[in-house]
Each structure stands twice: as C-alpha cells, then as structure tokens.
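Here is a short report on one model. It starts with terms and then moves to the structure itself.

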Amino acid sequence: MTNIFIITGQTGTGKTKLAVKYAKKYKGQVINCDSRQIYKYLDIITGKDKPAKNKIWLYDVVDPHEHFSSYDYVKLAVPLIHKLREKNITPIIVGGTYLYLKHLLYGFGTENIPPNWQLRKKLGTKQIAFLQKILKKTSLQLFNQLNQSDINNPQRLIRKIEIAQSGKSAKSINSNRLRLKLLPAEIEFIGLRFKDKDKLRTAIEKRVEERLEKGAIDEVKALLKKGYSETDPGLNTIGYKEIISYLKGKIAKQEAVTQWKNKEIQYAKRQYTFMKKDPQIHWIEL
RNA sequence: GCUGAGGUAGCCAAGGUGGUCACGGCGGAGGUCUGAAAAACCCCAGAUGUCAGUUCGACUCUGACCCUCAGCA
C-alpha cells in the first residue's frame, strides 16, 4: 500500500518545492491544501507554483465569489486521495491551511450541519452582545463551552447559533464523520518552519517584493475589472486586501506593501501556533 | 535671528477647571481554533523632551534650555 505525504508549515518555507521533489522521488502527485490557491485567478499573490510537467490537484477549483470551507475541501480531497492510491500513485498533500488538514485527518466534531446562509446574512451585521444573547437563549450549553476568545468572535458565535438552531446534535458521531481514514503509520506528516523571526521576516519580505515584480498589482486590477471586490470570499486574502486599499486611494503604495508584509509575517506566526499542537507533525527548521 | 505651532510608548494619536501617572489605532510578545482559517477573535508589555519654579500635589500652570515643523528675515 502506498503511503501518503503531507507537507505543511509556515508560509514562505518552500513547501510546494519540496512536494514536487517528493513527487518525483516517490512516484507521486501533488494535492494542494492551501485555502487561497483553491481559488481561480488568484495566482501571483497566492504564489501558485505550477510546475511545467506535473499537474497540481485542487488548484483553481472555486470561483473567487464562492464560499469554500474546510468541509468542501475534505469532500474533494478524500475521494481524490483514494483514487490516486488505487492507481498506486503516492498522494503528496501540500499547503499551509492546517484547519483543512486537521479536518481531513481527524474529522469534524459535529453531525453534518451545513451553513445556513440566510441566518449568517441576518446575524452578520449584529453586535456581539446581541449574538451572545441569541446563543445563550438557543443553547446555553454551547454558550458555556465558549472560551474568552470565541465568546467575542462573531463568526464562531454565528456558527454555534447555526448548530443550535439546526436541531441536530453538536456531539460528534465518530463513526460517520467525514475524514481520511488512514493509520498514523501510513502518513508521513512534515512541517516546515523558520528557525527564528529574522529568517521569517527576511524570507517574507523578499517574497512580497518578488510578487510585486511579477505583477501582483496588475493581478488585482484584472480581478477588479472582472467585477470581483474585496467582499468576495476569495479576495479576503492577504495581499489582495492591501492592494485594493491602495488602488482605491485609501493608502499609499508603500503603506500597502508594508501592511502586506506585516500581515504575512503575522499569519506565519499564527500558523505555527496552531500547528505545533499536532504531535504527528515532524518539524524541519529552516 | 524673529514670529507662530508643537514636542505623550517603536510609529500615529486623544486628553483634562492641576488630584487614583493617561483613550485609542498600528507595530511587538503570547494565545484561541471542529463547515468563513491568508478568516475571525482573545490577551500581555510599553509613554508624558530636559532642567528648575509655583503647589499638599503637575503630564496638565510659569520660566529657561534642547529639538521639530511652518512662515518671516
């Protein structure tokens, strides 16, 4: 039986490059696990790395105006991984979206409770205190489970209300939950991270400059021309947000670039904070 | 050199009739995370240009000095 590789880690560590190398070495194919590279037309700023020869799976599968969730990802990735393995091809999953990997490997905590867009739209404009009140009234149990951070987080509050109002159980139904059912021993889980903050900063700043040279600003202009805006899910993305602010005249170009770099560095930090709790990841320091 | 404005944390910045040493934002440290995750959120640290005076008490008033900006010369 073919094993699978998962390569995750901080942004800018060269994950895709490593994945492509592994693909050659182990007769494999690369599957994207980056929540932004899933989107069509987001190429330069998300750093899509399209090798001439090898196709990368799960690039460009969603339109920027569409919502895409970890559930959608797992639903696409699980059959794909099985399909490759049947053909005796080693799946090499690569990407920094750890939430997707977490759900892929360990499953979801609830029954199948899809988003209720009507509810999300309605609650989206409400104040935190109001959302808290609604959740408390709908499910005191779910409300009491929230930590200090989540209790102030509109997205999480709305999701909880959504779960509570669905009438389904918020408890996990382990046997049925959607996930990749493999033994830990069958998975080689690698994490790439920078050794220190300076290395991270240097690498990110260089990469942003490169992307600007490659035409990051034109990419955004083209997207705006196509009719996309910063309110589209796909464009709620580091780099795009800052450049849109610049193009709309809200901030200077240099300011946009600085913000872009900072956001990316902060993101890398958050990624590691999240990932390091997973004991299955074998870390490689750069 | 003169006149005007001003000097509050790494940056931007609020403030009050003198009274628990001071609002925010950015940046920084740490963190949360089960269908928005490159998202959203929590949390911590950090400041009144210098010196003197008035006062029970000054970041807030007075003076000098040092800087910055604008204008005049």
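## Terms and model

Helices (H or I, at least four residues) and strands (E, at least two) are DSSP runs, numbered from the N terminus. This is a predicted model: local features need pLDDT of at least 70, side-chain atom pairs count only at pLDDT 80 or more, and totals for chains, interfaces and linings use all residues. Residues are numbered from 1 along each chain as its sequence is written, while chains are lettered from A and ligands numbered from 1 in the order in which they are written.

## Phe 143

Phe 143 sits in helix H6, residues 140-145.

Set aside the neighbours within four places in sequence, and Phe 143 is in contact with Leu 135 and Lys 136. Contact requires C-beta atoms, placed from the backbone, within 7 Å. Ile 7 is 136 residues away from Phe 143 along the chain, and 35 Å separate their C-alpha atoms.

## Overall build

Chain A has eleven helices and six strands. Its domain assignment gives domain 1 (4-109 + 174-194 + 274-285), domain 2 (117-166) and domain 3 (197-269). Such bounds come from an automatic or database domain assignment. The centres of domain 2 and domain 3, taken over C-alpha atoms, are 31 Å apart.

Along the principal axes, the C-alpha atoms of chain A fill a box of roughly 55 × 55 × 35 Å. Of the 286 residues, 31% are buried. Take the contacts in chain A between residues at least 6 apart in sequence: 78% of them join residues at least 24 apart.

## Parallel strands

Strands pair if DSSP finds at least two bridges between them. E1 (residues 4-9) and E5 (residues 187-193) run parallel, joined by six bridges. In this pairing Ile 4 stands opposite Ile 187, and Gly 9 has Leu 192 as its bridge partner. E1 also runs parallel to E4 (residues 90-94), with three bridges. There, Ile 6 partners Ile 93. E5 in turn is joined to E6 (residues 282-285) by four bridges, again parallel. Gly 191 stands opposite Trp 283 in E6.

How many residues of E1 are buried? Six of its six are. In a regular strand the side chains alternate between the two faces of the sheet. Both faces of E1 are covered: Ile 4, Ile 6 and Thr 8 lie on one side, with Phe 5, Ile 7 and Gly 9 on the other.

## Surface near RNA strand B

RNA strand B is surrounded by 49 residues, the closest being Ser 35, Arg 36, Tyr 71, Gly 109 and Phe 274. Helix H2 (70-86), helix H7 (154-166) and helix H11 (253-275) are the elements that each give two or more residues to this surface. A residue is near the strand if its C-beta atom, placed from the backbone, lies within 6 Å of it.

H11 gives the largest share, nine residues. By class, the surface has 13 nonpolar, 26 polar and ten charged residues. Nonpolar means Ala, Val, Leu, Ile, Met, Phe, Trp, Tyr, Cys and Pro; charged means Asp, Glu, Lys and Arg; the others, Gly among them, count as polar.

Note on methods. A residue is buried if 20 or more other C-beta atoms lie within 10 Å of its own, exposed if 12 or fewer, and partly exposed in between; C-beta atoms are placed from the backbone. Two residues are in contact if their C-beta atoms, placed from the backbone, lie within 7 Å.
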